Amino acid sequence: KTFLEGLGYVDVAAGNADGDFAQTEVEIKEDQAMASGMIKTDLKDEYTLADTVGVLDESSDYDVVITLGVE
């Protein structure tokens with residue numbers, strides 16, 4: 001949360017994921033897909049990212065969900 005806020009992101013919520021993830025995964029709503037490149041660029045130096053960006057359901061409470069992996 002602090003890392004993202006330091007980059008200028010607002011309304012950042014933090015929580016615990018169900019299960020363990022090897023790499024950091026990004027999911028984003030389809031109507032926000034243009035931001036996925038920026039998000040991946042902002043994260044790539046700090047985290048090992050999964051190759052693909054997942055699609056969040058439009059009914060999700062969040063526009064983007066970032067699940068941190070162990071790498």
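## Overall size and shape

In this predicted model, the protein chain has a radius of gyration of 12 Å, which agrees with the value near 11 Å that a compact globule of 71 residues would have. Taken along the principal axes, the C-alpha atoms of the protein chain fill a box of roughly 30 × 25 × 25 Å.

## Order of the elements

The secondary structure of the protein chain consists of two helices and three strands, and these elements follow one another from the N terminus in the order α-β-α-β-β. Among the contacts between residues at least 6 apart in sequence, 75% join residues that are at least 24 apart.

## Surface and charge

Of the 71 residues in the protein chain, 21% count as buried, while the chain as a whole exposes about 5200 Å², of which carbon and sulfur atoms supply 46%. The protein chain carries 4 positive and 17 negative side chains, and the centres of these two sets lie 5 Å apart.

## A look at serine 36

Serine 36 has its place in helix H2, which covers residues 36–43. Is this residue buried or exposed? Serine 36 counts as buried because its relative accessible area is 17%, and the cut-off for being buried is under 20%.

The surroundings of serine 36 can be described through its partners. Its side chain reaches the backbone oxygen of alanine 33 at 2.9 Å, and, when residues up to four places away in sequence are not counted, serine 36 touches Ile28 and Val53.

Notes
Residues are numbered from 1 along each chain as its sequence is written. This is a predicted model: local features need pLDDT of at least 70, side-chain atom pairs count only at pLDDT 80 or more; totals for chains, interfaces and linings use all residues. Side-chain values use heavy atoms; hydrogens and water are left out. Helices (H or I, at least four residues) and strands (E, at least two) are DSSP runs, numbered from the N terminus. Buried means under 20% relative accessible area, exposed over 50%, partly exposed in between (1.4 Å probe, protein chains only). A polar contact is a pair of N or O atoms within 3.5 Å; within protein, one must be able to donate a hydrogen and the other to accept it, and residues adjacent in sequence count only if both atoms are side-chain atoms. Contact means heavy atoms within 4.5 Å. The radius of gyration is taken over C-alpha atoms; the globule rule is 2.2 Å times the number of residues to the power 0.38. Accessible areas come from the Shrake-Rupley method with a 1.4 Å probe; for residues, only the protein chains shown count as cover. Lys and Arg count as positive and Asp and Glu as negative; His and the chain ends are not counted. The place of a charge is taken as NZ of Lys, CZ of Arg, CG of Asp or CD of Glu.
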